Structure formats: structure tokens, C-alpha cells
Amino acid sequence: MQIVVIGGSVAGLITSLALARDGHQVTVLEKDPTPLTASPAEAGEHWKRQGAPQAMHSHAFLGRMHNMIRDREPELLKTLLEHGAEELTFQDAARQYFDDPEFEPADDDIRLLACSRITFEWVLRQHVLKTGLVDFRDGMEVTGFAAESDPVSDLPRITGVQVNNKAGDTETLHGDLVVDASGRRTKLASWLSAIDARDLEEVSSPCGIFYATRFYRLLDGQERPNKDGIIGGDLGYLKVGIFPADDRTFSITLAASPDDESMRVILRTAGFENVAATIPMVATWIDPHVSEPISEAHGMANLNNMHRLTVQDGEPLALGFVAIGDSRVHANPLTGRGCTLLWISAYALSDAIRKFPDDVRGVALELNSVVERDCAPWLQSQMQQDADAIEANRLLRDGQDPYQAERDDGTTDPKAQTRSFIRDGLIPAVRENLDLMRALARFGHMLDMPSNLLERPEFMQAALASYEQRHDRPPRIEGPSRTEMLEILRA
Ligand SMILES: Cc1cc2nc3c(=O)[nH]c(=O)nc-3n(C[C@H](O)[C@H](O)[C@H](O)COP(=O)(O)OP(=O)(O)OC[C@H]3O[C@@H](n4cnc5c(N)ncnc54)[C@H](O)[C@@H]3O)c2cc1C
């Protein structure tokens, strides 16, 4: 097949790689000017990634994705490691909390790939180009589909794309199949509408956060303060992430509610540093004796969970196209699932084309069934979690305690009770019970599908035992309360 891919970021690249391995010719059209530089560091300086602003934010790659690279593209994994990426293992994390833990062979699969997004993309692009079957053209912006009517189904049949090239001229490029990998802000809905396809249904919900990230490098002779992999913290009004990356770098992400005006200070470097320094688990990493900043603070807003239904009532909206990556499904970035989801879809597309080599309708339906089965449940679980976090955050700003289960009238607030049980029962139990830690890590790394761990009696018991001891434990202080933080900021 001659395949045209719109967007040359992670989804476009991995789709091209999977399809080139099957012998297809692929043309990737990327609107951002991103000429291949001599090193990832130069890419960081010269690439203008307006089309993928998240490239300037914390990224880490989960076990399921790590294992797909390990098993299908071992040379790529080797090159990433040579460029300073690191594999952070479950075993190392567990040894911090358990003496002599007993591991299982499958624990080797729980492995985080720590690598900055720019390094990852740069190495991946080089690797894809080595196939010799992928023509990567940057500075090419797709403006719409070329299509005709399919005489059998009466659906629009996409035959290629219209592109504005570097010289500012418009050209039409033919493709037997067009892959939309143009990311969360895809113009798919308007492109489909322009060729008289059925309206694209988009199911979305807010993540309830905006993001601010800054990158740092460990000073010579200094080691990472701990080996937990990605470290997350939740102050209620502020979520905190520490992401180890390649070449002794790491990034700190702070995320707050878009409704919380006072927290917008973290969007500027000075405000970011002031807030970060008040949070003990972050302060140990950004201590000037341990590391130095290597970027300014970058912000990113308008973050939504999104499910675009490119197949409706059992039929694709048009023939000859599919959507992969963020353009199809994307979720709250805090859980770091985006690249794993698109990796799953890219290989599902390659399988679908092998199964239906001359049938673009069959390809679209087959891919859709995998996305709905393997990707959509993660999105649904995230949407529920975000809705609850938004509510908890609102209560906090209104001066209420979102963890206070007993109401004044003597009844119980079930949502507050669940929050409190997770915070004071399940989470502490993870560090006391290796099986629970493993189960949670397998879920976090997308190795097991979303499920309620508390439905397993042994985990429920462990969480209950831990919950009962909540008053005996010193309160876990992750950082200042919102009121304290506002005072610090005022000062
Ligand atoms: C703040 C943040 C942090 C994240 N952290 C993680 C993480 O830790 N781990 C993880 O796995 N995922 C993470 N994600 C998600 C991950 O970044 C995305 O899932 C992933 O980048 C999606 O890749 P994509 O190729 O589909 O889209 P994008 O990376 O957004 O790329 C789309 C590409 O299409 C190009 N394009 C757009 N329109 C056109 C057009 N008309 N013509 C030609 N080209 C076009 C753009 O320039 C861009 O290069 C994070 C996301 C955000 C927002």
C-alpha cells in the first residue's frame, strides 16, 4: 500500500515503523519545521514544536510500551539506552520498602523507560528512517482530504490529502490509506465534514488540571534522591510529579486546577520554583547541591480526556482513513499512558492491514475493535477519576474537607469515604504488601487492564488493616495546605 500519515510525532513515527516493517511505502507529512539535527540536544534547541507543545513537558514510558519496544524493535531500545535513557525496575523500587522481597519472573516486565520526549522522538525518527521505506517531509501542513464517492457503500472514499508545502503551494498527495496522527488538536472533524461524511462524534471531559514543567540535571557526583520511578504526590489543590529522564536529567511537573487563579503562578519560572521548594519530596531533588535547572518552566492548558468515534453504528465515517494516537483517544497526561496507547494502536493497524489487505473498510473496523477493547477502558477509568478529583478540588477551595466522610446529620458521604479509604488505607498498604505493590504497578504500567483492586479480598483486607491504623501513623505531610501555600505566595 501507499500510505500517507498526517503528523510526524510519536504516533506518526511508530505507525510508519510498523507499516514499513510490513513492506508498505509510507509518506509522513509533518507541519512543524523539524529538520533532523546531529543530536537530541540540538533538536531540543532548534525544533519548533508548536504542533506538539507537550514535547517540552515531562514524559516517561510505561512497562507495556517498553516491552513492545524490547520485543519488536530491540535495536531501538539499545539506541535509546545508548543515548542515556534508563530502565527503572520494579525490583529496585520494591527493595526500598521490603527486606529480601521475593520476585516473580514477570516482575521483569514492570519497567519504566526514563527518557525525555525530545530524545525519544529524535532516536525514534532516526530508527524509522533506517527502514528506507519512510519518506519524512517536515514543513508540510495537511489542510484537508481528497475524496470521491464509493459506489458500493455511498460513503466518501478518501484518496489522499491536500497539503500546503514549504513553498506555500498547495498539492494533492495520493494515498491508498490516510492515517490521521495529527494529535489532540486534529482538524479531523472539519476535514470529514468538508467531504460530506457523517459528523464525527467526540466524547470529552476536562482533566481538571493545567500543567507546568521544568527540567533539571543532577550535578556531577550526585545520584537521584530515590529509586521510585515516577514519583507522584497529591496535595489536593496541586498534583506533583517527578520524572527521571535520560542523561542524568529529570523534570518536575506541577499541575493545578484551571479554576484556581492563585496557582497560575506556577506557569512562570520564579513562581514555579517558589512553589516547588515548599514541597519536601520535590525540594530534595531541586536542592542546588543536588541539581541545576536546564530549562525555564513551561505551561500547558486546555487538557481534556477525548474519545473520537471514527466508527459509528458499525460503519466508518469514510473509507480509506484511520486515526491513531491522540487524535483518536487521549487522556489526562498525569498517568503517562498516551504513548503506550498509540503504540498498541499502531501495531493493531499493521495487524488489521495484514488481515484485510484489499479492504479499507475491514481495516477501519478491525482497528476500531482493538481501540475500543484495549484503549477506551483506560480513558473511561480516567474520566471517572478526573471527575472525582475536580469535585475534591472544588470542595477544598470552598474550605471543606473532601476526605470527611461523616456528615453533620450523622449520615456518611460515600465519595469522601472512598477517598479517605484510598488515601489512608490502600496507599499506605502498598508499601506494606508486596503483592499489592506489584498489582498496582502492573496496572500503572498498563500490563493489566483497569479493575478495582479492592474487589480482591486479600487486597481489601490489607487496605482495611492499614486503614484501621490510620490514627496511629504520623500524618503524611506531602506539602503545605492550600491556605499555607497562599500565605507563602503572598509573602
Ligand atoms: C503535558 C503532557 C504530558 C504527557 N506525558 C506523557 C507521558 O509521560 N507518557 C506518555 O506516554 N504520554 C504522555 N503524554 C501523552 C503523549 O504526549 C501523547 O499521547 C503523544 O504525544 C501523542 O502523540 P501523537 O503523535 O498522537 O500526537 P502529537 O505528539 O501531538 O503529534 C501530532 C503531530 O501532528 C502534527 N500536525 C498537526 N496537525 C497537522 C497537519 N494539519 N498537518 C501535518 N502535521 C500536523 C503536529 O505538528 C505534531 O507533530 C503527555 C501529554 C501531555 C499533554
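How many residues surround the ligand, and which are the closest? The ligand is surrounded by 38 residues, the closest being Gly7, Gly51, Gly183, Gly325 and Gly338; a residue is near a molecule if its C-beta atom, placed from the backbone, lies within 6 Å of it. The structure is a predicted model, in which local features need pLDDT of at least 70, side-chain atom pairs count only at pLDDT 80 or more, and totals for chains, interfaces and linings use all residues. Residues are numbered from 1 along each chain as its sequence is written.

Two or more residues of the shell around the ligand come from each of helix 1 (10–21), strand 2 (25–30), strand 6 and helix 10 (338–355). Helices (H or I, at least four residues) and strands (E, at least two) are DSSP runs, numbered from the N terminus. Helix 10 gives the most to this shell, with 4 residues.

Strand 7 (residues 156–164) joins strand 8 in the antiparallel sense over 5 bridges, and Asn164 has Thr170 of strand 8 as its bridge partner.

A further antiparallel pairing links strand 3 (residues 86–89) to strand 4 over 4 bridges, where Thr89 has Arg111 of strand 4 as its bridge partner. Both faces of strand 4 (residues 111–114) are covered: Arg111 and Leu113 on one side, and Leu112 and Ala114 on the other, are all buried (20 or more other C-beta atoms within 10 Å of the residue's own, C-beta atoms being placed from the backbone).

How values were computed: Two strands pair if DSSP finds at least two bridges between them. A residue is buried if 20 or more other C-beta atoms lie within 10 Å of its own, exposed if 12 or fewer, and partly exposed in between; C-beta atoms are placed from the backbone.
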